[in-house]
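Student: Could you walk me through this model? I've never looked at it before, and I'd like to go question by question.

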Amino acid sequence: MLIAGNWKMFKTQAETRAFCAAFEPPDGVEVVICPPFTSLPPAVESGLTVFAQNVHWAEEGAYTGEVSVAMLQELGVAGSLVGHSERRQYFGETDESVARRVRAALEGGLDVIACVGETLEERERGQTELVLRLQTEAIRDAVGAPDQLVIAYEPVWAIGTGQTATPEIAQEAHAFIKSLIDAPVLYGGSVKPENAAELLGQSDVDGALVGGASLDPDSFAAICRAARAA
Ligand code: PGA
């Protein structure tokens, strides 16, 4: 079980130190936090496993606003999220740019959590499997399925909305993704201490990518305990 906390654009360095001082994860669960770039150093200093939220494919160059694999590794960062739906929706990330980022990160020695998921409109049109296939195959065709790669299934309609996928919907999507790529699949989208056990109890749910509920050390620790029990 892997439980990753995606902090998005939350927490300064001081807030990161306060979180790490208060956070008591249980043994027996792999825990990762993904702070914003500026808060990576204090997160690494805490001894927790730390991922970035994004990483660029080039070694260096004229890419304003981007960060390279080597820059992250110098800080002691172990991996990166790639292709989060907010990157796809608001920052023009495409299946192709996601694949390039995933490939460069893995080749450089970072672990990767690559995100896929359909929008509400796509689900209502009956295109869920089509979208998941296109997004997942773009990643698989670029890198195969190395051990350092984890997929996160995050239905866009469930992110930050409080509207969690039912365990059945999550299980069905996870099984479909696993028919395309041989990788662990995390569920993300309004995971909370109250619903974590049921979601994590599904046979093809290998962990969770947690947004809002990862910002509070107690609720994030409660989700990690649910994962240990699952
Ligand atoms: P949420 O976000 O848990 O706040 O819905 C999940 C994510 O975007 O990774």
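Student: What does the side chain of Tyr187 do with the backbone nitrogen of Ala165, and how far apart are they?

Tutor: This is a predicted model, where local features need pLDDT of at least 70, side-chain atom pairs count only at pLDDT 80 or more, and totals for chains, interfaces and linings use all residues. Residues are numbered from 1 along each chain as its sequence is written, and side-chain values use heavy atoms, with hydrogens and water left out. A polar contact is a pair of N or O atoms within 3.5 Å; within protein, one must be able to donate a hydrogen and the other to accept it, and residues adjacent in sequence count only if both atoms are side-chain atoms. A polar atom of the Tyr187 side chain and the backbone nitrogen of Ala165 make such a pair, at 3.0 Å.

Student: Which backbone oxygen lies 2.9 Å from a polar atom of the side chain of Tyr187?

Tutor: Tyr187 itself lies in strand 7; helices (H or I, at least four residues) and strands (E, at least two) are DSSP runs, numbered from the N terminus. The oxygen at 2.9 Å belongs to Gly189.

Student: Is Tyr187 buried or exposed?

Tutor: Buried means under 20% relative accessible area, exposed over 50%, and partly exposed in between (1.4 Å probe, protein chains only). Contact means heavy atoms within 4.5 Å, and Tyr187 touches residues including Tyr153, His174 and Leu209, not counting those up to four places away in sequence. With a relative accessible area of 1%, Tyr187 is buried.

Student: How far apart are the C-alpha atoms of Gly189 and Gln163?

Tutor: Gly189 is buried too, with a relative accessible area of 4%. Leaving aside neighbours within four places in sequence, its contacts include Glu154 and Thr164. Gln163 is 26 residues away along the chain, yet the two C-alpha atoms are separated by 7.7 Å.

Student: Where is Ser190 found, and what is its phi near?

Tutor: Look in the loop between strand 7 (185-188) and helix 9 (193-200) for Ser190. At 9% relative accessibility, Ser190 counts as buried. Its phi is positive although Ser190 is a residue other than glycine, with a value near 55°.

Student: Which residues come nearest to the ligand?

Tutor: A residue is near a molecule or strand if one of its heavy atoms lies within 4 Å of it. By class, the shell has 4 nonpolar, 7 polar and 2 charged residues; Ala, Val, Leu, Ile, Met, Phe, Trp, Tyr, Cys and Pro count as nonpolar, Asp, Glu, Lys and Arg as charged, and the others, Gly among them, as polar. Of the 13 residues around the ligand, the ones that come nearest are Lys8, His84, Glu154, Gly160 and Ser190.

Student: How much of the ligand does the protein bury?

Tutor: A polar backbone atom of Gly211 is 2.8 Å from an oxygen of the ligand. Accessible areas come from the Shrake-Rupley method with a 1.4 Å probe; for residues, only the protein chains shown count as cover. Taken alone the ligand exposes 280 Å², and the share buried by the protein is 97%.

Student: Which backbone oxygen does the side chain of Ser214 reach?

Tutor: Ser214 sits in the loop between strand 8 (207-210) and helix 10 (217-229). It is buried, with a relative accessible area of 0%. At 2.7 Å, its side chain reaches the backbone oxygen of Gly211.

Student: What is the side-chain partner of Glu118 in a polar contact?

Tutor: Glu118 is in the loop between strand 5 (111-116) and helix 6 (120-124), and it is buried at a relative accessible area of 0%. The polar contact spans 2.8 Å, and the partner is the side chain of Arg123.

Student: How many helices and strands does the chain have?

Tutor: Buried residues make up 52% of the 230 residues in the chain. The secondary structure comes to 10 helices and 8 strands.
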